[in-house]
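The following exercises are to be worked through with the sequence and the structure at hand. Each task is followed by a solution in steps.

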Amino acid sequence: MFEHGIPFELNSRVRRLVAPNPGVMTGPGTNTYLIGREQVAVLDPGPDLPEHIDAILESVGDRIRWIVATHTHPDHSPAWQALQRETGAQVIGAPPWDDMFQDDTFNPDTPVQHDDVLQTPEFTLRAIHTPGHVGNHFCYLLEEEGMVFAGDHIMNGSTVVIIPPSGDMKAYIESLQLLLTYNVKTIAPGHGDVIAEPREAIDWLVAHRLKREGKVVAALEQVGDASVEELLPHVYDDVDKSLYRMAALSLTAHLIKLQKDGRARHWPNAERWELTRS
Ligand SMILES: [Zn+2]
């Protein structure tokens, strides 16, 4: 199912091709989705790895009309350039923000807007702006199948890192809830297998984030004012220390959310956080 280089059929309109970039942050590898049969949209072309680009071109090279990116992290978008060069396909997505870990080469023909629709004879693909993981993140709903391509908004098997400054925990939770307002039957994530119970999965994710937020508040109550580094072992006592660098990003995103909610404040000069007293 996650064999590299061989497309796996998910339904009559969609095949999945997994990039050979497995890892802690990418699971079995980045999922590239091939949507359509006669005229194909390549959604999340993936990392700039020749064997992955060759596999995409061998499968559908003569039929690629669109290249669509959920966001511009290096494991999702960079192969756009080689594919565009080979096929002349139209590139759809949101340009990278001035942010960490971005594919600065990404240069869409069509900067996507919320609710934009790609209508082809075979399928309808609707863009849904889902800031949170990063600010320029879009999910895409394949309306005929009720399948939402979730990029890094929702992963199967690992927790999404929220990456400030453009990543935003408050926006993330709101973007999760936004997906439930659409007719979503399955979630096709950027990493891992298709999720068949979208409502349960999203409810769990929101609850998981709010539980983590509860641990941030409890830690600030216990420690008083503290730096992100001092809070990490309290808030992520269930997470291996090798993941602390990434956890620090999500922790900062939680603190920024608490600040926006009026529950925490930040001492920028000292890089310390504390709860607001009411
Ligand atoms: Zn990402």
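**Exercise 1. State into which domains the protein chain is divided, and how far apart their centres are.**

Step 1. The protein chain falls into domain 1 (8–196) and domain 2 (206–275), with bounds that come from an automatic or database domain assignment. Residues are numbered from 1 along each chain as its sequence is written. The model is a predicted one: local features need pLDDT of at least 70, side-chain atom pairs count only at pLDDT 80 or more, and totals for chains, interfaces and linings use all residues.

Step 2. Taken over C-alpha atoms, the centres of domain 1 and domain 2 are separated by 30 Å.

Step 3. In contact across the boundary are 11 residues of domain 1 and 11 residues of domain 2; a contact requires C-beta atoms, placed from the backbone, within 7 Å. On the side of domain 1 that touches domain 2, seven residues are nonpolar, two polar and two charged. Here Ala, Val, Leu, Ile, Met, Phe, Trp, Tyr, Cys and Pro count as nonpolar, Asp, Glu, Lys and Arg as charged, and the others, Gly among them, as polar.

**Exercise 2. Determine the strand order of the open sheet of seven strands, and explain why β1 and β7 stand at the edges.**

Step 1. The order is β1-β2-β3-β4-β5-β6-β7, with mixed pairing. Strands (E, at least two residues) and helices (H or I, at least four) are DSSP runs, numbered from the N terminus, and two strands pair if DSSP finds at least two bridges between them.

Step 2. β1 (8–9) and β7 (110–111) each have a single partner strand, so one side of each is left without a neighbour in the sheet.

Step 3. Within the sheet, β4 (residues 40–43) and β5 (residues 64–68) are joined in the parallel sense by four bridges. Leucine 43 lies opposite valine 68 in β5.

**Exercise 3. Describe how helix α5 and helix α6 pack.**

Step 1. Helix α5 (residues 228–235) and helix α6 (residues 244–260) meet at an angle of about 100°, their axes 10 Å apart. Axes are lines fitted to C-alpha atoms, for helices over the stretch in contact, and angles run from 0 to 180 degrees between N-to-C directions.

Step 2. α5 and α6 are therefore roughly perpendicular to each other, a term for angles of 65 to 115 degrees.

Step 3. The contact involves Val228, Leu231, Leu232 and Val235 of α5, together with Tyr244, Ala247, Ala248, Leu251 and Thr252 of α6. Of these residues, eight are nonpolar, one is polar and none is charged.

Key
Parallel < 35°, antiparallel > 145°, perpendicular 65-115°, else oblique. Contact = placed C-beta atoms within 7 Å.
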